[in-house]
Amino acid sequence: MNAAAASPPAGSPIRVLLADDEGLVRSGFKVLLDLEDDITVVGEAANGAEAVDRARATRPDVVLMDIRMPKVDGIRATAQIAGTRGLEQVRVLILTTYDTDEYVFDALQAGASGFLLKDAGPAELLQAIRVVAAGEALLAPRITRRLIGQFAARRTTARTAEDRLAVLTQREREVVALVGQGLSNHEIGAELFLSPATARTHVSRAMAKLGARDRAQLVVIAYRTGLVDPAM
């Protein structure tokens, strides 16, 4: 999917759905988000099942999703949202107190676009919502360090990786590798001497060819196929 196409229309506020089983946490988030002119809360959910239902009803731009919730946890809810027709443009930002490797990996595999710890400050949370709404992938720095080691352990064989990447041009491989390193379109353009628009086009084509839902999925592919060296 083209990241630009998934962004909220220019001038429209970012529509956010809050999914957390703690009412006080949801209330705190709502107070914070309602202070922002470019963000609006369109719904709340106390468990994963409600989150999926609310996402279908409100079509938010971003779901702020806790992992540990009753009935359906945040990872399964993320997978259901990602797999629901009509919700392709909904981005899920996982917000949790847990930063173990399995949660990061499972959340990204389920279709999450970002992963942020609950101890992040208000400014960091607001920026995360804006980044994810714009179609970018987001991982907290210390989570990224853990993630690199995990992908190194789970990397596919060279033959499998080559088969997976065979659909890409050399330039697209370079671009996916840079996405895996966390670079934005502007940074990719500067690195490869391309305009940001051209870099965005290469990213979009690579996503389409590899069947990646968004940039976070490109990060997964970049590490699992060895395009990014974990030692970098």
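What share of the 232 residues in the protein do buried residues make up? The figure is 49%, where buried means under 20% relative accessible area, exposed means over 50% and partly exposed is what falls in between, using a 1.4 Å probe and protein chains only.

Hello everyone, a word on the model before we start. It is a predicted one, so to speak of local features we need pLDDT of at least 70, and side-chain atom pairs count only at pLDDT 80 or more, while totals for chains, interfaces and linings use all residues. Residues are numbered from 1 along each chain as its sequence is written, and side-chain values use heavy atoms, with hydrogens and water left out.

Now the overall picture. The protein has 12 helices and six strands; these are DSSP runs numbered from the N terminus, with helices (H or I) of at least four residues and strands (E) of at least two. Take the contacts between residues at least 6 apart in sequence: 69% of them join residues at least 24 apart. Contact here means heavy atoms within 4.5 Å.

Let's look at helix H3, residues 48-58. Gly48, Ala51, Val52, Ala55 and Thr58 are buried there. Looking down the axis of H3, these buried residues fall within an arc of 150°, so they line one face of the helix. That arc is taken from the directions from the helix axis to the C-beta atoms. As a reminder, an α-helix has 3.6 residues a turn, so residues three or four places apart point the same way. Among the elements covering the buried residues of H3 are strands E1 (14-19), E2 (39-45) and E3 (62-65), along with helix H4 (74-82).

Both ends of H3 deserve a glance. At the N-terminal end, Asn47 is the cap, with a side-chain oxygen 3.0 Å from the backbone nitrogen of Ala49. Such a polar contact is a pair of N or O atoms within 3.5 Å; within protein, one must be able to donate a hydrogen and the other to accept it, and residues adjacent in sequence count only if both atoms are side-chain atoms. After H3 comes Arg59, with a positive phi near 50°. Arg59 sits in the loop between H3 and E3 and, at 46% relative accessibility, is partly exposed.

Next, two aspartates. Asp20 is in the loop between E1 and helix H2 (23-34), and at 2% relative accessibility Asp20 is buried. A polar atom of the Asp20 side chain lies 2.9 Å from the backbone nitrogen of Glu22. Asp66, in the loop between E3 and H4, is buried too, at 6%. Which residues does Asp66 touch, not counting those up to four places away in sequence? They are Ala19, Asp20, Asp21, Gly74, Leu95, Thr96 and Lys118.

Finally, a pair of helices. The axes of H10 (185-192) and H11 (196-210) come within 8 Å and cross at roughly 105°, which makes H10 roughly perpendicular to H11, a label for angles of 65 to 115 degrees. The axes are lines fitted to C-alpha atoms over the stretch in contact, and angles run from 0 to 180 degrees between N-to-C directions. On the H10 side we find Asn185, His186, Ile188 and Gly189, meeting Pro196, Ala199, Arg200 and Val203 of H11. In the loop between the two helices is Phe193, which has a positive phi of about 60° although it is not a glycine. Phe193 is exposed, at 79%.

Conventions
Parallel < 35°, antiparallel > 145°, perpendicular 65-115°, else oblique.
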